[in-house]
Amino acid sequence: MNVPILFLGDSPDLRTGLGRIGRDLATLLCRAPEFRVGYLGRGGKGSRQLPFAQYYFPETEQWGENMILPVWEDFAGDQSGVIFSIWDASRLHWFSQPHPRAMPAALLEFLKSGRFQRWGYFPVDATGPGEGMTTIGRETLLGFNRVLAYTVWGAQVIEKTIGGNVEHIPHGINLNVWKPRDRKGARICLGFGDRDFVIGCNMANQARKDWGLAFDTLSRVRELTGTLRAWLHTDIMSRSHAWDLHALVHDFGLAGCVRITESDPFLTDETLSYFYSACDVTILPSPEGFGYPIAESLACGVPVVHGACAGGAELVPCSGWLVDPIAWRWEGIWNSLRPVHHPAKWAATILGMDRANADFCRASVEHLDWSRLWPSAWEKWFLGGLGV
């Protein structure tokens, strides 16, 4: 048995969360002789270090509609197989529910041909009306042969959307990389003192990542304590459809208080683990389907403050580290229900939380180490789709 399975999602050489999930899973699945692995990725350039066939398309090509047929014919030929997506349901309606008025005849015929099964790993970070997903999301999910969620919360949302029982498996991390490092050395590198109280925050510069809440919270901590040191990490400092971190620094009067790092090929995960280790606490003020920065921080022995909502809350081991929303709002074209937070509650939680030791934090995410999670859950899930 050598079933072709084509991953569909963010390119595996990108530093996005979805690209990272796909890269890890595709690399691990290459060990299974039952599958032959390929990857159709959005963006990126490819890497010879990855052990699977790679195909790419630019972001201007939307979600791969014009690439999926020629790539499948090159990768799988006449074989039947699997296309495994790692994307939001909103990006895959065309793939799940092809319509003759929306695409060329050849693509429509392929998508309806039955030459492949549709398996999907779906991030869920918000609900629609009625505590399930919106109509577009529901239609997308119903066209898949197998549906997998990230978290218990995500599985429950999907179950309310399409019924039945939905499996969930978290992402994995490498605990040999994400681990407590030399705190003093890391602080010297960031320009912080050994006695400083340091807050960390690692988020992409996206509209739904609430950088405004993060900066307001930091400003209030400084007002309450008279001092502030913070390490912030993002992919890009300014984005027209999201946030301008330069402006936030000056608008909240935090120049000289924060050190901001940006993603680049030379800033490795090992380096980031040092920066996490320099912190007394990290924050993630964003509703998450999972939340890599939560798991990374805890693995480095550093507690995390997060909102009491969505899937990310499941990773936080202490209820006292969760902040309740004060209200909810509807957002965007997908009618997503998002939490509204008061920064004063975040600041109070940060300053009032119990200081857990590093061993406690790290133990809370030991089950996520790939050495455990792959054989106990993911390998079984992939092979289960073949009836093995």
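Author: Contact here means heavy atoms within 4.5 Å. The model is predicted.

Reader: Which residues of α5 meet which residues of α6?

Author: On the α5 side they are Arg-138, Leu-141 and Leu-142, and on the α6 side Ile-158, Thr-161 and Ile-162. By class, this contact has four nonpolar residues, one polar and one charged.

Reader: How are two packed helices described?

Author: By the angle between their axes and the distance between those axes. For α5 (residues 135–142) and α6 (residues 152–162), the angle is about 85 degrees and the axes are 10 Å apart. Angles of 65 to 115 degrees count as roughly perpendicular, and α5 and α6 are therefore roughly perpendicular to each other.

Reader: What is the order of the strands in the open sheet?

Author: Strands of a sheet pair through backbone hydrogen bonds, either parallel or antiparallel. Here seven strands pair in parallel, in the order β3-β2-β1-β4-β5-β6-β7. At the edges are β3 (53–57) and β7 (167–168), each of which pairs on one side only. Inside the order, β1 (residues 3–10) is joined to β4 (residues 81–86) by five bridges, and Ile-5 stands opposite Val-82 in β4. Helix α14 (residues 370–384) packs on the sheet, and its direction makes about 165 degrees with that of β6.

Reader: Which residues touch the most other members of the largest nonpolar core?

Author: In soluble globular proteins, nonpolar side chains tend to be buried together. The largest core has 123 residues, and those touching the most other members are Ile-5, Phe-7, Leu-25, Phe-35, Phe-84, Trp-378 and Phe-382. Helix α14 gives the most to this core, with eight residues. The residues that Phe-84 touches include Ile-5, Leu-25, Trp-119, Trp-378 and Phe-382.

Definitions and conventions. Residues numbered from 1 in each chain as written. Predicted model: local features only at pLDDT ≥ 70, side-chain atom pairs only at ≥ 80, totals over all residues. Heavy atoms only, no water. Axes fitted to C-alpha atoms, helices over the stretch in contact; angles between N-to-C directions. Helix = DSSP H or I, 4+ residues; strand = E, 2+ residues; numbered from the N terminus. Parallel < 35°, antiparallel > 145°, perpendicular 65-115°, else oblique. Nonpolar A, V, L, I, M, F, W, Y, C, P; charged D, E, K, R; others polar. Pairing = 2+ DSSP bridges. Core = buried A, V, L, I, M, F, W, Y, C linked by side-chain atoms within 4.5 Å. Buried < 20%, exposed > 50% of the residue type's maximum accessible area, 1.4 Å probe, protein only. Lists of a residue's contacts leave out its neighbours within four places in sequence.
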